[in-house]
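Have a go at each one before you read its solution.

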Amino acid sequence: MIELPDLVAGGLAAGTLSALALGGGLLHTRRRLARQQAESTALRARLDESLRVFTAEVEHLAARRLPAAARALAHPHLTVPGPLHPQTAGSPLGHALEGVLQGLRVELAAQQVRVDAAAQAGMRGATREIQAALYRLQDALRGLQQRYDDPELAQTLFELDHENEQSLRRAQVAAVVCGAWVGLAREESHLVDAVTGGQSRLAGYRRVTVHNHLRPGTALVSHAVEPVAIITAELLDNALRHSAPDTEVLVSLEHVHHGVCVTVDDAGVGMTPDERERAQRLVAGRDPILLTDLGDPPRMGLAAIGQLTRQFDLTVDVSSPSPYGGVRAVLRVAEHLLSRIDPAERPPAASAPRSTRENAPEAPARAVPGDIAAPTPDETAAATPAGDPAAPRETPASGPAVALPGRPAATPPGAPSVTPPGRPAAGHHTTLPGGPASAPAHAYGTEPPGPAAGTVPAHDDDRRDTGGLPRRRRRTPMAAAEQAVPAPRGVAPQRPERAAAALGALQSGTAAARAGSTPETAEPTNDTENEGETAR
Amino acid sequence: MTARPGGRPLVPAYLATGGTARHPRLRLERLSLLLRSDKPVPDGLTPAQLALLDELADGTLTVVEAAALLRLPVSAIRVLAAELVDRDLLVTRAPIPPAERFAPDLLKRVADGLRALKH
């Protein structure tokens with residue numbers, strides 16, 4: 001019986017102990033649970049907070065930063081806003097968001113290039129068709145100009161031709177900006193022709209004055225002709241557009257050490273440094289061209305110049321202000337794009353300004369490699385009497401007949417081997433009585449008879465070097481024809497002494513034998529005898 | 001005159017006259033003769049006018065011939081020449097009129113007369 005209470009007591013004690021232990025553990029656990037709960041609540045709050053921040057940041061990215069970044073591609077002056085919370089910037093989230101922006105920029109740029117390329121291709125196709133059509137129209141108009149000369153109709157045709165040239169220029173420039181070929185193959189041409197051709201494509205071409213200081217015959221190789229014409233037209237267009245309608249735009253063509261410079265000066269408003277910098281960047285042609293960069297309406301001129309300078313190794317500089325207050329644009333054509341055309345064989349267009357150097361002796365050291373040195377002796381010889389400007393003024397008074405012996409002398413200097421015998425021959429020849437060299441070239445019989453034969457050689461030289469009267473060298477076919485005419489007669493002057501001796505002997509002989517005959521009958525006999533003698 | 005080698009001319013014709021094809025007063029014929037006067041060449045002529053004077057330095061030309069030599073349309077030469085005539089630098093002559101055709105009536109009557117003589 002005693003064991004039972006002990007057992008109970010023991011059990012109770014054990015129960016109490018374990019209850020106590022359990023209670024303590026329970027308490028501890030409960031406390032820990034409470035602490036963990038509080039901790040997790042705090043964590044959840046923080047998580048909510050950071051999620052909110054993240055969401056806000058992404059919303060901010062979508063609503064503000066992405067559009068701004070997209071716009072900033074087109075307008076670089078726009079600033080892209082930073083993240084909503086400044087502390088995000090350095091965090092991994094900030095970096096990730098920056099990566100999103102960067103990816104967008106890259107993809108957008110690529111997209112822009114693709115879209116632009118498609119637009120350019122479309123425009124290229126369209127302008128090529130238009131350009132071809134306008135060339136056909138030009139052919140038709142020029143054909144009509146040749147065929148019909150009624151003043152009213154001709155006036156309209158001139159106006160249409162000019163309108164057509166302007167449309168052609170626009171189409172061509174648009175095509176060139178879009179990366180197309182210039183659209184027209186030309187042959188080697190005088191540089192002044194290319195510049196004048198460019199001038200003619202503008203509405204205000206009458207305000208342009210071209211000063212040509214090039215050596216006659218300075219030409220462009222075939223593939224550079226059209227680009228130079230286009231660039232000149234665009235530079236002139238800029239100059240005309242940005243200067244008052246009553247001012248002139250001056251163009252001067254000059255030789256420089258490494259080629260030829262075409263300088264365009266306007267007296268307009270000029271450009272601000274920013275504009276100048278942009279223009280210089282465009283004409284340098286280093287950056288690829290996007291149509292979207294050209295504005296609306298697109299300003300294509302400078303962009304076209306940029307394309308051409310890049311393709312054809314030309315140099316354009318618009319960075320300096322003009323002494324006239326406007327802009328000075330300089331197109332430099334390098335030596336390897338230059339060539340030479342004999343101006344006697346193929347003269348420049350009639351309306352192209354004359355070279356101011358036509359009478360000046362040429363500097364052989366600076367000569368274009370090849371044949372430019374050939375005319376030098378001839379030209380200097382021709383230019384020597386030019387120091388006396390008073391006498392030449394009078395010479396036209398003596399009538400066109402005296403001009404004629406001058407024609408062989410004005411032979412193209414490209415054939416100097418022919419000239420030396422030809423020229424003295426003409427001089428001797430005309431001193432003979434009834435010299436046949438005075439036969440008119442344009443034989444309408446309207447020319448008054450020439451003056452005393454002795455004065456002819458002097459007039460000949462004077463006329464050619466008349467100070468104010470620019471000289472134009474003859475074309476080869478005409479020169480050849482002229483040389484052909486005096487050639488058979490020139491047999492006599494080749495041996496003038498013999499001819500004179502024969503004539504003298506004949507005269508004395510006939511005078512002795514036919515003392516009774518009149519001079520009128522003797523004269524023709526002498527002539528025929530002379531001809532026979534010299535022909536032998 | 002054959003066409004210019006190489007095709008399309010770079011410089012259009014209207015540039016020669018500054019875009020005008022009409023002259024208020026003077027109307028030259030295609031075959032009018034142009035003759036250089038003895039007046040010295042003043043300053044301030046256009047290149048095309050100088051070119052025309054140069055062509056005429058060697059003698060007389062008709063309007064069409066000058067046009068062919070300068071590779072310009074006749075209408076442009078007309079204006080250039082008329083401007084130079086205004087400045088007394090050129091003299092023009094009327095073209096030589098072409099011979100008139102015989103009246104067919106007259107020919108018929110002559111033939112009839114001849115036949116009458118023969119019979």
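**Exercises on a predicted model**

**Exercise 1.** Find the bridge partner of H211(A) in β4(A).

*Solution.* The partner is S252(A), which sits in β4(A). Keep in mind that this is a predicted model. Now step back to the strands: β2(A) and β4(A), the latter spanning residues 249–256, are joined by five bridges and pair in the parallel sense.

**Exercise 2.** Work out the strand order of the open sheet in chain A, and name its edge strands.

*Solution.* Start with the order, which reads β2-β4-β5-β7-β6 in chain A. The sheet is open, has five strands and shows mixed pairing. Next, look for strands that pair on one side only: these are β2 (208–212) and β6 (315–321) of chain A, the edge strands.

**Exercise 3.** Describe how α2(A) and α3(A) pack.

*Solution.* Helix α2 (residues 92–147) and helix α3 (residues 151–177) of chain A have axes 9 Å apart and an angle of about 160 degrees. Angles over 145 degrees count as roughly antiparallel, so α2(A) is roughly antiparallel to α3(A). Their crossing is left-handed. To finish, sort the contact of α2(A) with α3(A) by class: 13 nonpolar, seven polar and four charged residues.

Key: Residues numbered from 1 in each chain as written. Chains lettered and ligands numbered in written order. Predicted model: local features only at pLDDT ≥ 70, side-chain atom pairs only at ≥ 80, totals over all residues. Pairing = 2+ DSSP bridges. Helix = DSSP H or I, 4+ residues; strand = E, 2+ residues; numbered from the N terminus. Axes fitted to C-alpha atoms, helices over the stretch in contact; angles between N-to-C directions. Parallel < 35°, antiparallel > 145°, perpendicular 65-115°, else oblique. Left-handed = near helix turned anticlockwise from the far one by under 90°. Nonpolar A, V, L, I, M, F, W, Y, C, P; charged D, E, K, R; others polar.
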